[in-house]
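Work through the exercises below with the model open. Try each task before reading its solution.

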Amino acid sequence: MNRTLKIVLSLTATLIVILIAFGIISYSVLKGKIPEYNGEQVVSGLINDVHVYRDSFAVPYIIAEDELDAAFALGYVHAQERLFQMDMTRRAGEGRLSEVLGSKTIPYDKMFRTLGLYKIVCRDYEKLDTLSKKYLDAYSKGVNAYIKNADGNLTFEFDVLGYDPYPWKPEHSLVLAKLLAWELNISWWTDIAFSDLVQKLGVEKVAEIIPDFDENAPTIIPSKLKKLAKIPLGLYQVDKKYREFAGFVGTHIGSNNWVVNGKKSESGSVLIANDPHLAFQAPGKFMFAVIRSNGWNAEGFTAPGLPAFIIGKNQNIAWVLTNVMADDSDFYLETLDSTKTHYLLNDEWKELDIASDTIVVKDSANVIFDIAKTHRGPIISGIHPYDVLYKNKYQDEATLSMRWTALGFTDEVFTLLSVNKAKDWNDFTAALKHFVAPGQNFVYGDDQGNIGYVCAVKLPIRSDNSPSMVYDGTTTKYDWKGFVPYSKMPKLFNPPQNYIASANNKTIKDFPYHISNLWEPASRIKRITELLTSKKTHSIEDFKKYQMDFYSFYAKDITKHVVEAFGEDEIDDQNLKLAVDLLSKWDFVMDKQSQTPTIYAVFFQKLMENIFLDEMGKELFNEYIFVANVPYRKIQEMLKNENSSWWDNIKTEKVETKNEIIKQSLIDAVKELEGKFGNNVADWQWRNLHSVTFAHPFSGASPLLGKVLDIGPFPISGDGTTIFNTEYSFTKPYKSKLGPALRFLYDFAKPDEVNFILTTGEAGYFMSDHYDDMTEMWLKGKYIKVNINTSDISSRGYDLLQLRKE
């Protein structure tokens, strides 16, 4: 062997050894950041020692003598598992993302600083109930105890971004609650989008495509709206980008819940179910926990950052949630004087409340800007995606202010803790009197066999009953007239049908106050009702099947119009003929193994394009279809109307009919599928187009990081109209972006047993075994059966972390 070859081989071997050693060391370092589930930790802030047991899925059982020690331990556990998630969320709410992420997040910081979420919670902190403040203080001490004990050995995300988290404050938990309300508030998008449509298309055209309900007053479109300065879309655009950045993609921000009493359950006791639909992400939104103490005893789902159970049960009651879809915000067109320091109100100039604020930006100059407020709320028209770069681009736009109930005083922690501690229906309803936002349908069951429902939201009283546009801000005529008294909000207790269900559907008919115009299509609630009335009694096993149901009443309704449009037509194209045949014989189950859901879904996408795109153009079209339930509901209405002007394609000489547009849409769908998958229809399975990925916040940085940090992709059944909701964005079809963030089932006949599952796992760190140990079970409809009786917990062989008072 010559000398050169020896040197090459020696260097190669050395390099391999170095790489292996580096890999081992790196792996060891990364594994070393997994939180410790065993041993003792001496911490400052406890009254007495606390035991934290964890089962094989890392579900924490917090055993404390004092309830405030339990809150402390929950903060410690949340920080162990989800500190980076918590830190990014509070930074977003505070408007401090740019301090660690640089200039790309300036628009998001400006948006939330303009809304003033953090300033509001700081302003209102002393108004909170004493119980809230005690829990928030104890919880914050727990978070900070973990940060201190970790001594810089935090998950790799902090290393990559090169910073350490600052101490947790009670106000940070409150800003997380505000941010959750923001995520679930979609009503304001349509106010802006519909107003923009009117300005560009005119009142008559837009009146045809705004979903409406007979029980409400007709949709009111201001006649002078088209003549006013351009409606600013900055907030709309920035929020869409922020939601993409934060992983809050999807607009079916809803859920399913139902409860049956003993007359409809096989066990003879109340059965309750919930699966809230939120954006898919890794780690997931929730953690399951069990708490035992002298004053706080409950189990259920917690949001890291908050010292309360959001969904769950205690010894006496259980409660579950869906989104009311409440319209709890409005926008006002303001008129400013030449100095931009006063606004016109009832023929008088009122002084704006103007304050300067500063965004600290990593590796760049700070951004200093002014925030102006009217008596209603902040002026949001200065929020633009590129305002930092193009300062003069938006000067011809109207000035818009915003009022939102969550910008007032709220005490979510007190409300939730009061629910956590409630012993019966009276306690439960008394607790919800204080609930503000996001509006929720609380469904209830208890150990005495009672079931109930409360529409919990602070609902504005308006001068008109169907607000879908921006208001004239130069008068107080459109100011809120107060709020609907809690005593008048919809409630239900032990109804004669022996069950209650909600799926973001219309809350109540003939209600004298406006709740929403953004109800979900009736598909999910119709299917739930059909299942609950399909047999005399139900079991937990039945409920498991119902939560995994992929039947779509909506698809059934749409498909009949396709089959009718083709009628007895002679179809020469074989794949088109087969598509019509498959649709005519379909069982309307959005099964991932079937080709028919693919044909239907692509047809529906083409139908939207063929109805709206010719007159709207791409940008306006994407605005209109962004909130998915708007086109879902409107197209269902339009298919019953042969005479809508929207059926005509204005780019052709002839006037198209409804059936011609329907047929062309299926033709276009078949051509697209042939181009994507080939001419063999057998290859057009829904699984090949429709999948789910639980994405880590870093996954977009590089494909390699995505492969390491993301969970998925997995082919999946369903769509946005099935009980198992797997919504995809109409603007970026067909990857599922939203669905059940958890599943929860409980039978009061088995008081020590809870069935649940999360999308990913309890842990937030990708090296943990519990980062994704629930995903396969979630996909297959499997559940973790938790034994919540803690009397023998020390003998179960669980991990035990003992928190010792200093």
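Buried means under 20% relative accessible area, exposed over 50%, and partly exposed in between (1.4 Å probe, protein chains only). This is a predicted model: local features need pLDDT of at least 70, side-chain atom pairs count only at pLDDT 80 or more, and totals for chains, interfaces and linings use all residues. Residues are numbered from 1 along each chain as its sequence is written, and side-chain values use heavy atoms, without hydrogens and water.

**Exercise 1.** Decide whether Lys-658 is buried or exposed.

Solution. Take its relative accessibility, 6%. Lys-658 therefore counts as buried.

**Exercise 2.** Find the salt bridge that Glu-642 forms with Lys-658, and state what the pair ties together.

Solution. Apply the criterion: a side-chain nitrogen of Lys or Arg within 4 Å of a carboxyl oxygen of Asp or Glu. For Glu-642 and Lys-658, the closest N and O atoms are 3.3 Å apart. Now place the partners. Glu-642 lies in the loop between α19 (629-638) and α20 (658-677), and Lys-658 in helix α20, so the pair ties together parts 16 residues apart in sequence. Helices here are DSSP runs (H or I, at least four residues), numbered from the N terminus. Glu-642 is partly exposed, at 49%.

**Exercise 3.** Which residues form salt bridges with Glu-99?

Solution. Start with Arg-96: its closest N and O atoms to Glu-99 are 2.8 Å apart. Next, Arg-91 pairs with Glu-99 at 3.4 Å. Arg-91 is buried at 3%, whereas Glu-99 is partly exposed at 23%. Finally, widen the view: Asp-87, Arg-90, Arg-91, Glu-94, Arg-96 and Glu-99 are linked in a salt-bridge network.

Definitions and conventions. Helices (H or I, at least four residues) and strands (E, at least two) are DSSP runs, numbered from the N terminus.
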